[in-house]
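The following exercises concern the geometry of a single protein chain.

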Amino acid sequence: MKKKIILGIILLFSAIQFIGIDKSVPEYDPADNYLADFSGEDQIQTLLVQACFDCHSYETDYPWYANVAPVSWWLQSHVRNARRSLNFSDWQNYSDEKKSHKKDECVEYIKKAWMPPASYKLAHPEARLTDEERAVLAAHFDR
């Protein structure tokens with residue numbers, strides 16, 4: 001009985017690997033990117049790319065485990081929700097009011113260390129922001 005259960009689990013795990021995630025990127029204008037007209041703030045740009053852009057833009061760099069279900073499903077859901085909340089690739093299409101609101105949210109989430117989330121930082125040590133980096137990034141959005 002134990003062998004049948006283990007075999008069943010292995011077969012189920014194998015079968016779900018055929019259910020892939022959609023890694024496609026919609027057509028978008030690179031000029032709409034938050035960093036499109038960015039200049040003179042290399043540290044800010046680096047911090048944004050390292051800590052934010054993987055989920056909050058169309059520039060997602062999927063790691064190897066994005067091909068392993070069910071982790072891939074969780075990862076895709078996370079990216080989809082992050083982009084829905086804030087998408088730096090679509091920044092220039094936001095109204096001024098929405099941009100202001102998103103900047104306020106960024107300040108709050110960065111200061112409270114809600115972003116990037118702990119689950120992301122586990123696999124991406126480069127996204128672990130120091131207190132100083134958090135302050136610099138928050139100050140950038142707070143102006």
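**Exercise 1. Aromatic pairs**

Determine how many aromatic pairs a search of the whole structure finds, and classify the pair of Tyr-28 and Tyr-58.

Solution. Rings of Phe, Tyr and Trp (its six-membered ring) pair if their centres lie within 6.5 Å; planes under 30 degrees apart count as stacked, over 60 as edge-to-face and the rest as tilted. For Tyr-28 and Tyr-58 the ring centres are 5.0 Å apart and the planes are at 50°, so the pair is tilted. Tyr-28 belongs to the loop between α1 (2-16) and α2, and Tyr-58 to the loop between α2 and α3 (71-85), so the pair ties together parts that are 30 residues apart in sequence. Helices here are DSSP runs (H or I, at least four residues), numbered from the N terminus.

The model is predicted: local features need pLDDT of at least 70, side-chain atom pairs count only at pLDDT 80 or more, and totals for chains, interfaces and linings use all residues. Residues are numbered from 1 along each chain as its sequence is written, and side-chain values use heavy atoms, with hydrogens and water left out.

Next, accessibility is assigned: buried means under 20% relative accessible area, exposed over 50%, and partly exposed in between (1.4 Å probe, protein chains only). Tyr-28, with a relative accessible area of 30%, is partly exposed, whereas Tyr-58, with 18%, is buried.

**Exercise 2. Packing of α2 and α6**

Derive the relative orientation of α2 and α6, and identify the residues that meet.

Solution. Axes are lines fitted to C-alpha atoms, for helices over the stretch in contact, and angles run from 0 to 180 degrees between N-to-C directions. Helix α2 (residues 42-51) packs against helix α6 (residues 131-141) at an angle of about 105°, their axes being 10 Å apart. The two helices α2 and α6 are therefore roughly perpendicular to each other (the term covers 65 to 115 degrees; under 35 is roughly parallel, over 145 roughly antiparallel, and the rest oblique). From α2, Gln-43, Ile-44, Leu-47 and Leu-48 meet Glu-133, Val-136, Leu-137, His-140 and Phe-141 of α6. Within this contact, Val-136 and Ile-44 lie 92 residues apart in sequence, yet 7.5 Å apart in space, C-alpha to C-alpha.

**Exercise 3. Backbone geometry**

Locate the cis peptide bonds that join Ala-69 to Pro-70 and Met-115 to Pro-116, and describe phi at Ala-113.

Solution. Most residues other than glycine have a negative phi, and most peptide bonds are trans. Between Ala-69 and Pro-70 the bond is cis, with omega about 5°; Pro-70 lies in the loop between α2 and α3. The bond from Met-115 to Pro-116 is also cis, with omega near -15°, and Pro-116 is in the loop between α4 and α5 (118-123). Ala-113, although not a glycine, has a positive phi of about 60°. The loop between α4 and α5 also holds Ala-113.

Note on methods:
Contact = heavy atoms within 4.5 Å.
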